[in-house]
Structure formats: structure tokens, C-alpha cells
Amino acid sequence: MHSEILRPMVVLIAWTLVMLGWTLATRLPAMKAAGVDMGTLVGTKPADADRALPPHIQWKAHNYNHLMEQPTLFYAVCAVLALSGTGNGVNAWIAWAYVGLRIAHSLVQATSNRVHARFLFFTLSSLMLVALTLHAALAVF
């Protein structure tokens, strides 16, 4: 039998790929409209795209980058919980809460980009990550 906590992990991975698709679907046409020729670009930085493209286009890319940051800790702690046999029940529910909050964060950042709402979702999801980490520590120490 597998650990329930694997399900929210897979959902967050799938959501990250959705954000990648949304990023590409909006960014590539915006680059073309801005006259950016990817064939001639050499050694660019993310700030270059921020200067060349409209902010609402870049919001999706920024969120995709965010999904490569803190969620890596989520994947690691969920793996610890799954391997320790404690990835079911309350820990699975906390993991689902983390995923839901990260998806809400993504939707806010990719659409309205309201900092107050983003900060709220980020803070709440961080608290879920703290709880999972404490539970993982209790399981392995």
C-alpha cells in the first residue's frame, strides 16, 4: 500500500507543469510581439525578459520559478513522511492544504498579482510546511 501523501506531491508536480505550459503559451507570443528573436539571444538573464515583456506576461514565469523554490522542501519532507510510514492521515491532509494554498498563490500571482493575497497564501502554505517538517522530525528522531 502506498502513502497517501504521495497524491498531493503528484498534484503539485502536475500543477507546476500547468504553470510551465501557461508560461510558454503567454510568453512566446509576447516575445514575438516584442520583436525578440530567440535565435539571436546569447547569455540573457531573467531581468532582460522583465524589461522586454509586459509584467502580466512575466507573472506566470515568476510563479513557475517560485514553484521551483520552496516546494522542493515540500517534496523532500513528504518523501521523509512517506518513507517513515507517517504520510497518511493528518500529514496527508496538511500536504493537501499546502498544495491548495500553493495553487491559490499561483492563480493570484499569475492573474492579479496582488501582493497582500500572495503573501497570505505564501505564509499559510509555509506554516503547513513547518507542520509537516515537525511531524517528519518526530517520525525520524
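T23 is buried, with a relative accessible area of 5%; buried here means under 20% relative accessible area, exposed means over 50%, and partly exposed is what falls in between, using a 1.4 Å probe and protein chains only. The model is predicted, and local features need pLDDT of at least 70, side-chain atom pairs count only at pLDDT 80 or more, while totals for chains, interfaces and linings use all residues. Residues are numbered from 1 along each chain as its sequence is written, and side-chain values use heavy atoms, with hydrogens and water left out.

T23 sits in helix α1. Helices here are DSSP runs of H or I with at least four residues, strands are runs of E with at least two, and both are numbered from the N terminus. Setting aside neighbours within four places in sequence, T23 touches L28, K60, A61 and Y64, where a contact is a pair of heavy atoms within 4.5 Å.

Helix α1 itself covers residues 6-33, which makes 28 residues. From first C-alpha to last, α1 reaches 41 Å, close to the 40 Å expected at 1.5 Å a residue; that expected span is 1.5 Å times one less than the number of residues. After α1 comes G35, with a positive phi near 80°.

Zooming out, the protein chain has six helices and zero strands, giving the pattern α-α-α-α-α-α along the sequence. Its C-alpha atoms fill a box of roughly 55 × 30 × 25 Å along the principal axes. Of the 141 residues in the chain, 35% are buried. Among contacts with a separation of 6 or more, 81% join residues 24 or more positions apart.

The rings come next. The structure holds two aromatic pairs, counted when ring centres of Phe, Tyr or Trp (its six-membered ring) lie within 6.5 Å; planes under 30 degrees apart are stacked, over 60 edge-to-face, and the rest tilted. F74 and Y98 make a stacked pair, 4.5 Å centre to centre with 15° between the planes. This pair ties together distant parts of the chain, with F74 in helix α4 and Y98 in helix α5, 24 residues apart. Both F74 and Y98 are buried, and ring pairs join F74, Y75 and Y98 into a cluster.

Charged side chains meet too, in two salt bridges, each a Lys or Arg side-chain nitrogen within 4 Å of an Asp or Glu carboxyl oxygen. K45 pairs with D48 at 3.7 Å, N to O, and D48 pairs with R51 at 2.5 Å, N to O, so K45, D48 and R51 form a linked network. D48 and R51 both belong to helix α2 (residues 46-52), three residues apart, or about one turn of the helix. An α-helix has 3.6 residues a turn, so residues three or four places apart point the same way. D48 is partly exposed at 23% relative accessible area, while R51 is exposed at 63%.

On the surface, L24, L28, M38 and L41 form a nonpolar patch with about 370 Å² of accessible area together. Patches take residues with over 30% relative accessible area and no salt bridge, joining like charges within 9 Å and nonpolar side chains (Val, Leu, Ile, Met, Phe, Trp, Tyr) within 5 Å; areas come from the Shrake-Rupley method with a 1.4 Å probe, and for residues only the protein chains shown count as cover. M38 is in the loop between α1 and α2 and is exposed, at 53%.
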